[in-house]
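Student: I would like to learn how to read the features of a protein model. Could you take me through this one, with the general idea before each case?

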Amino acid sequence: MLKEHIMISKATIDRLPLYFRTLKLSQEEGIEIISSEELGNRLGVTPEQIRKDLASFGQFGKKGVGYYVRELLRNIGEILGLHHNWNIAVVGMGHLGWALAHYKNFSSLGFNMAALLDVAPERIGMVVNGVTIEHADQLEEIVRQRQVQIAIIAVPAEHAQLMVDRLVAAGVKGIWNFAPRKIEVPRHVSLINEDLSVGLSSLSYYLTRQE
């Protein structure tokens, strides 16, 4: 049973996709019931943390038995909103955009790759994973016609804000930004930033400390 909306910590929300992925793998292995201990062992998370995270959203599983994998997978999928079948677009089809467009798990999670956009003449018309790359000049029309709700930004830093502004004006509600710069969005638009240089720099720091 799911609880009504309450304030949930970002850390808890960030762990939900990890639970979902692990449960999906467990289901593929034929596991029907899993304990918080086993789930924790697979994730490196304490059983207490798992139970606390899930309790934020409702009552799941049976004491002394564990969680029914199929049921918990469905419930977490509903919490994450994966049943919406969001339409997404990749803007910028360089090496990173190309790799993201090839990511097979988008469809298995319920995300529909609705559009691939670029400005380079040599890329327009190419087909990636069954989707044709189209010119970004048509961005607004494509977003509206195909009801794109989420856009992945993989353009050079100097073009990122302009593209985001156009996407937001066209009706996009969520931005996943891979451009190496800070971008601004209105309050009603959700923004996730992925800065690859930050991750590598953090690894460099830890490796340096080990030396």
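Student: At what angle do helix α2 and α3 pack, and how far apart are their axes?

Tutor: Two packed helices are described by the angle between their axes and the distance between the axes. In this predicted model, where local features need pLDDT of at least 70, side-chain atom pairs count only at pLDDT 80 or more, and totals for chains, interfaces and linings use all residues, helix α2 (residues 36-43) and α3 pack at about 110°, with axes 8 Å apart. The axes are lines fitted to C-alpha atoms, for helices over the stretch in contact, and angles run from 0 to 180 degrees between N-to-C directions. Angles of 65 to 115 degrees count as roughly perpendicular, under 35 as roughly parallel, over 145 as roughly antiparallel and the rest as oblique; α2 and α3 are therefore roughly perpendicular to each other. Residues are numbered from 1 along each chain as its sequence is written, and side-chain values use heavy atoms, with hydrogens and water left out.

Student: Which residues meet where α2 and α3 pack?

Tutor: On the α2 side Ser36, Glu37, Leu39 and Gly40 meet Pro47, Ile50 and Arg51 of α3, where contact means heavy atoms within 4.5 Å. Helices (H or I, at least four residues) and strands (E, at least two) are DSSP runs, numbered from the N terminus.

Student: Which residues of α4 are buried, and what covers them?

Tutor: An α-helix has 3.6 residues a turn, so residues three or four places apart point the same way. In α4 (residues 69-80), the buried residues are Val69, Leu72, Leu73, Asn75, Ile76 and Gly77, buried meaning under 20% relative accessible area, exposed over 50% and partly exposed in between (1.4 Å probe, protein chains only). Their cover includes α1 (10-28), β1 (33-34), α3 (47-55) and β2 (67-68). After α4 comes Gly81, with a positive phi near 75°.

Student: How is strand β7 joined to other strands?

Tutor: Two strands pair if DSSP finds at least two bridges between them. Four bridges join β7 (residues 150-153) to β3 (residues 87-91), and these strands run parallel; Val90 stands opposite Ile152 in β7. Another pairing, also parallel and with four bridges, joins β7 to β8 (residues 174-177), where Ile153 has Asn177 as its bridge partner. From β7 the chain crosses through helix α8 (residues 157-170) to β8 in a right-handed β-α-β crossover, which means that, with the strands pointing away from the viewer, the path from the first strand over the helix to the second runs clockwise.

Notes:
The expected span of a helix is 1.5 Å times one less than its number of residues.
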